[in-house]
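Dear colleague,

I am passing on the structure we spoke about, with the sequence and coordinates placed just below. My notes on what came out of it follow.

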Amino acid sequence: MTSAPANCETVAELLPEYAEGGLHPAGPVEVHLASCVRCQTELGRYRDLLGFLNDLCEIEVEVPEGYLEDVLRTARVGVLRARIPSIQDVREVPVRVVSAIRTHGAGVRYALATIGGAAAGATALAIVWWSIGRRAVTGTAA
Amino acid sequence: MVSPELIAECRRGDRRAFEELVRLTHRRVYSLAYRLVRDRSEAEDVAQEAYLRMFRGLGAFREEARFETWMYRVVANCAMSALRRRGRFGEIVTDEVADRPVPETPEHRAVQRDELTRALDSLSPGQRVVVVLKDVYGLSCQEIGEELDIEEGAVKVRLHRARKRLVELLTDHDERAGEL
């Protein structure tokens with residue numbers, strides 16, 4: 001199937017993207033460009049435009065006085081905030097524990113049981129020490 | 001260029017690393033913010049908000065992505081929020097022109113740059129944001145669509161119209177200059 005020849009109006013609509021290289025060079029467009037000075041000139045303008053715009057990235061706008069100091073102050077606040085867990089983070093802790101148990105199953109349950117057992121043992125020891133200490137005191141008092 | 005090592009230190013909460021990051025990027029952040037909102041005071045607010053979001057979001061930043069691209073997206077998002085707020089209060093958005101030309105350095109090709117800046121000013125905010133993000137800062141149409149919360153196709157349409165309008169304006173200027 002052969003494509004219909006392109007005219008200036010059709011090609012002009014394609015030039016903003018063609019200049020970037022985003023469109024594959026279609027036969028009719030290239031054929032037209034090869035013979036149409038007006039469209040070649042227009043394509044040159046779009047390529048110049050894209051070049052100027054690309055150059056703008058390296059050109060910095062003058063910053064207002066005090067701007068850097070203000071932003072550094074913001075940076076220090078940002079660092080502090082980043083270190084403080086948010087309410088959302090705290091709320092997520094139990095969810096994460098349950099998720100870890102589901103994911104890692106036996107290993108996490110064993111670890112939690114070990115920690116829980118150690119905590120219970122320490123508590124029991126503390127109670128025994130306390131009651132021994134109390135008996136010693138009441139025995140002395142009597 | 002921000003090194004991956006500096007990013008890693010920032011993610012660990014190193015205050016000095018954050019400050020170094022700010023020193024390296026503050027001009028670029030302000031330049032993009034100003035080019036999008038075209039108001040110096042508002043650009044400062046946008047930059048401040050962008051840095052706060054960057055610090056909060058560094059944990060989610062994917063290291064395989066280019067940091068500068070991510071930074072530009074954060075700034076663009078903050079700028080769009082500012083432009084939407086401005087529009088909500090009924091202030092003139094489409095025809096606003098900067099009070100005075102903001103000096104841009106270095107000075108080479110100054111005339112063309114001034115004309116281009118004036119031409120960008122005359123675009124609608126929607127078109128200007130798209131062409132600045134795409135053709136100045138190199139974001140993809142997909143990335144721009146995600147930040148502006150519009151379809152990629154809509155980004156391409158705005159980009160097409162913006163480029164056509166810019167060429168028209170710059171051509172008119174050259175023709176008028178030639179007549180003098």
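In chain A, helix α1(A) passes α3(A) in a right-handed crossing. Please keep in mind throughout that this is a predicted model. The two helices, α1 (residues 8-18) and α3 (residues 37-56) of chain A, have axes that come within 9 Å and cross at roughly 20°, which makes α1(A) roughly parallel to α3(A). On the α1(A) side the residues that meet the partner helix are Cys8(A), Val11(A), Leu15(A), Pro16(A) and Tyr18(A), and on the α3(A) side they are Arg38(A), Cys39(A), Glu42(A), Leu43(A), Tyr46(A) and Arg47(A). Sorted by class, the residues of this contact are eight nonpolar, no polar and three charged.

Helix α1(A) also packs against α2(A), where the axes come within 11 Å and cross at roughly 105°, so that α1(A) is roughly perpendicular to α2(A). Here Cys8(A), Val11(A), Leu14(A), Leu15(A) and Tyr18(A) of α1(A) make the contact with Val29(A), Glu30(A), His32(A) and Leu33(A) of α2(A), and the class count for this pair is seven nonpolar, one polar and one charged.

Turning to chain B, helix α2 (residues 15-37) and helix α3 (residues 40-57) pack at an angle of about 135° with their axes 8 Å apart, an arrangement that makes α2(B) oblique to α3(B). The crossing of α2(B) past α3(B) is right-handed. Among the residues that α2(B) brings to this contact are Phe18(B), Leu21(B), Val22(B), Tyr30(B) and Val37(B), while those from α3(B) include Arg40(B), Glu42(B), Val46(B), Tyr51(B), Met54(B) and Phe55(B). The residues of the contact of α2(B) with α3(B) divide into 14 nonpolar, two polar and three charged.

As for how the chains meet, the contact draws 34 residues from chain A and 45 residues from chain B. Between them, chain A and chain B bury about 4100 Å², with 63% of that area on carbon and sulfur atoms.

Salt bridges are the last item. Five of them are found across the interface of chain A and chain B. One salt bridge joins the side chains of Glu19(B) and Arg76(A), with an N to O distance of 2.9 Å. A search of the whole structure gives 17 salt bridges over all chains. The side chains of Lys134(B) and Glu20(A) also meet in a salt bridge, at 2.4 Å from N to O; Lys134(B) lies in helix α6 (residues 125-136) of chain B and Glu20(A) in the loop between α1 and α2 (27-35) of chain A, so this pair joins two chains.

Terms used:
Residues numbered from 1 in each chain as written. Chains lettered and ligands numbered in written order. Predicted model: local features only at pLDDT ≥ 70, side-chain atom pairs only at ≥ 80, totals over all residues. Heavy atoms only, no water. Axes fitted to C-alpha atoms, helices over the stretch in contact; angles between N-to-C directions. Helix = DSSP H or I, 4+ residues; strand = E, 2+ residues; numbered from the N terminus. Parallel < 35°, antiparallel > 145°, perpendicular 65-115°, else oblique. Left-handed = near helix turned anticlockwise from the far one by under 90°. Contact = heavy atoms within 4.5 Å. Nonpolar A, V, L, I, M, F, W, Y, C, P; charged D, E, K, R; others polar. Buried area = accessible area lost by both parts, 1.4 Å probe. Salt bridge = Lys/Arg side-chain N within 4 Å of Asp/Glu carboxyl O.
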